[in-house]
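Visitor: I'm new to this one. Could you show me how to read it?

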Amino acid sequence: RYFFQVYAISQAGLGLWSDLSEPLETHPDAPEKVEVIAKKDETPFSIGIKWQPPRHNGARIMQYLVRHAPRSADLYNGNCSQEVADPDDMRASKQLAGWCTFTVGGLDPGTEHCFQIAAVNKMGQGPWSEATSLWKTEPTCPGDVVPPRVVHNTAFSLDFEWDEPANNGEPVTSYTFQWSTRPGFDQAYSLEIPGIKETKYAMESLKPGV
């Protein structure tokens, strides 16, 4: 709001100030650009981000748009994911006073992502922020291995192989498998194969016909 007064000037001198005007307002505008974004935390499947609200330019910010991608170039060519963050759900803790926070979930372990944020009010969407640097989710243990399949057998040996599982952010360093002559595995034997480079193994010295 603005208030104004005016006085007139002539060769004879200065007049008196007018009374105050009624309050006058400019039209609101879309929010300004979000300038400060930081990583809050990460898990194997999510990254928490925080940012400082931009100037709203006269109209309350109704929501934030958060988009993310594995490369910053993908943010600008549309090959990215976008989510909506509601300011009413961002009640900051005392440790994060003055910051908005949001957690992007559904990510894969050990993967990198960059982010952009834009604020929206009743006048429209403000400009997108600059892209963040790449932030990485935490790695976790490898995914499940599908049952191995036999590729060659003799009376005394079995050659079998399996598909490489998702490593979930860290290279697989070894495989452990177990075998038994009983489906219930009530009497089983196990073997770790450290440093293996291939997803196959030849097991020898077995009993014929078993």
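Visitor: Okay, where is the place of N121?

Guide: This is a predicted model, so to speak plainly about its limits: local features need pLDDT of at least 70, side-chain atom pairs count only at pLDDT 80 or more, and totals for chains, interfaces and linings use all residues. Residues are numbered from 1 along each chain as its sequence is written, and side-chain values use heavy atoms, with hydrogens and water left out. Strands are DSSP runs of E, at least two residues, numbered from the N terminus. N121 sits in strand β8, residues 112-121.

Visitor: Is N121 buried or exposed, and why?

Guide: Buried means under 20% relative accessible area, exposed over 50%, and partly exposed in between (1.4 Å probe, protein chains only). N121 counts as buried because its relative accessibility is 2%. A polar atom of its side chain lies 3.4 Å from the backbone oxygen of A59.

Visitor: How do I read a sheet, say the one with β3, β4 and β7?

Guide: Look for paired strands: two strands pair if DSSP finds at least two bridges between them. Here 3 strands form an open sheet in the order β3-β4-β7, and the pairing is antiparallel. β3 (37-43) and β7 (100-104) are the edge strands, each pairing on one side only. Between β3 and β4 (residues 46-51) there are 6 bridges, and K39 has I49 in β4 as its bridge partner.

Visitor: And what is the order of the strands in the sheet with β11?

Guide: That open sheet of 3 strands goes β11-β12-β15, again with antiparallel pairing. Its edges are β11 and β15 (200-203), each pairing on one side only. β11 and β12 share 4 bridges; V150, for one, has F160 in β12 as its bridge partner.

Visitor: What about pockets? How much space lies in the largest pocket?

Guide: On a 1 Å grid over the protein atoms alone, a pocket is an open set of points where a 1.4 Å probe fits, with protein on both sides within 12 Å along at least five of seven lines; lining residues have an atom within 4 Å of a point. The largest pocket holds about 870 Å³. It has 30 lining residues, and L158, Q178, W179, S180 and M203 are the closest to its centre.

Visitor: Which strand gives the largest share of that lining?

Guide: β13, with 5 residues. β11 (149-153), β12 (158-161) and β13 (174-179) each supply at least two lining residues.

Note on methods
Grid points are joined across faces, edges and corners, and a volume is the space filled by probe spheres set on the points. A polar contact is a pair of N or O atoms within 3.5 Å; within protein, one must be able to donate a hydrogen and the other to accept it, and residues adjacent in sequence count only if both atoms are side-chain atoms.
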